[in-house]
Amino acid sequence: MKVSVDPGLCYGSAECVHRVPSVFAFKDGYGTVRPGREDTEDDPLIREAAERCPSQAITLAVAE
């Protein structure tokens, strides 16, 4: 699964960082995916972070 955060949508709630700190980080006031963690296994915690993102800035896609 490919994980990304759209910086144009993110308004910095840091919900993703609190839910899955091993994948998400907080940088310059916004959520981001940690380097090297963009491609990850399907994880229910990551799915939950995406579903509960208040700005809907997290995208999950099937890795090719």
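Me: Which residue forms a salt bridge with D39, and how far apart are the closest N and O atoms?

Reply: Keep in mind that this is a predicted model. To read a salt bridge, look for a Lys or Arg side-chain nitrogen within 4 Å of a carboxyl oxygen of Asp or Glu. Here D39 pairs with K2, and their closest N and O atoms are 3.8 Å apart.

Me: Where in the chain do those two sit?

Reply: K2 belongs to strand β1, while D39 lies in the loop between β3 and α2. They are 37 residues apart, so this pair links distant parts of the chain.

Me: Is K2 buried, exposed or something in between, and what tells you?

Reply: Check the relative accessible area: under 20% is buried and over 50% is exposed. K2 has 40% relative accessibility, so K2 counts as partly exposed.

Me: How many salt bridges does the structure hold?

Reply: Five. Another one joins E48 to R19, with 2.9 Å between the closest N and O atoms. That pair also connects distant parts of the chain, as E48 is in helix α2 and R19 is in helix α1, 29 residues apart. E48 is partly exposed at 27%, and R19 is partly exposed at 28%.

Me: What about R52: which residue forms a salt bridge with R52?

Reply: That's E48, with the closest N and O atoms 3.4 Å apart. R52 and E48 are four residues apart in helix α2, so about one helical turn separates them. R52 counts as exposed, at 51% relative accessibility.

Me: Which residues are joined into one network?

Reply: E15, R19, E48 and R52, through salt bridges that share partners.

Methods: Residues numbered from 1 in each chain as written. Predicted model: local features only at pLDDT ≥ 70, side-chain atom pairs only at ≥ 80, totals over all residues. Heavy atoms only, no water. Buried < 20%, exposed > 50% of the residue type's maximum accessible area, 1.4 Å probe, protein only.
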